[in-house]
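Visitor: I am new here. Please walk me through this structure, one question at a time.

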Amino acid sequence: MSHVVNIQHIVYRTKYSQKVIPDCSKRMMFKYIFALCNDHGWYIKRINAAENHVHLLVNIGNEKPSVVAQKVKSNSSRVFKQHTLFPHFIGWAKRYGSFSVSYELLDQKINYIKNQEEHHRTESFEQEMHRLFQENG
């Protein structure tokens, strides 16, 4: 039996970076994405969101990050567009970032994602993505 650990930090934003993810709706969003990933055999280590983007820390096993991002974004977009908890949601942007995470740094990345609200008091989404791209080559 094969055992593959492939932990990815996947970040994607709302269409046009609109601030349309209300705090009161995040719990439902997280439950839906968690269940969706679980159904595909991808195991979420941590999930969090700001008003205009989502961070997923997920073990995707043998799957390609592009497949995970596409399935999570397309399926959740279809649901959230029709849900009353997301009245202004029009979809996700086409692009995303996916960064591999070593097992040794897992706790550090979990804490980073956990503290998104605090983190974004001093850094915009654009600044954050620029920094993540620089840190990851």
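Guide: Helices (H or I, at least four residues) and strands (E, at least two) are DSSP runs, numbered from the N terminus. This is a predicted model, in which local features need pLDDT of at least 70, side-chain atom pairs count only at pLDDT 80 or more, and totals for chains, interfaces and linings use all residues. Residues are numbered from 1 along each chain as its sequence is written, and side-chain values use heavy atoms, with hydrogens and water left out.

Visitor: Where does Ser17 lie?
Guide: Ser17 has a positive phi of about 55°, although it is not a glycine. Its place is the loop between E1 and H1.

Visitor: Is Ser17 buried or exposed?
Guide: Buried means under 20% relative accessible area, exposed over 50%, and partly exposed in between (1.4 Å probe, protein chains only). Ser17 has 18% relative accessibility, so the label is buried.

Visitor: And Tyr16, buried or exposed?
Guide: Tyr16 also lies in the loop between E1 and H1. Tyr16 is not a glycine, yet its phi is positive, about 60°. Its relative accessibility is 63%, so Tyr16 counts as exposed.

Visitor: Which residues of helix H5 are buried?
Guide: H5 covers residues 125–135. On its other side, His130 and Gln134 are exposed. The buried ones are Phe125, Glu128, Met129 and Leu132.

Visitor: Why do the buried residues of H5 line one face of the helix?
Guide: An α-helix has 3.6 residues a turn, so residues three or four places apart point the same way. The arc is that of the directions from the helix axis to the C-beta atoms. In H5 the buried residues line one face because, seen down the axis, they fall within an arc of 95°.

Visitor: What covers the buried residues of H5?
Guide: Look for contact, meaning heavy atoms within 4.5 Å. The cover includes strands E1 (7–14), E3 (53–59) and E4 (92–100), plus helices H3 (106–114) and H4 (116–119).

Visitor: What does Ile44 touch?
Guide: Ile44 sits in strand E2. It is buried because its relative accessibility is 14%. Leaving out residues up to four places away in sequence, Ile44 touches Ile33, Phe34, Cys37, Leu56, Leu57 and Val58.

Visitor: How many disulfides are there?
Guide: A disulfide is a pair of cysteine sulfur atoms within 2.5 Å. Cys24 is exposed because its relative accessibility is 65%, while Cys37, at 0%, counts as buried. By the disulfide rule, the count is zero.

Visitor: Which residues lie nearest the centre of the largest pocket?
Guide: On a 1 Å grid over the protein atoms alone, a pocket is an open set of points where a 1.4 Å probe fits, with protein on both sides within 12 Å along at least five of seven lines; lining residues have an atom within 4 Å of a point. E2, H4 and H5 each supply at least two residues of the lining. Of the 15 lining residues, those nearest the centre are Lys19, Ala50, Glu51, Asn52 and His120.
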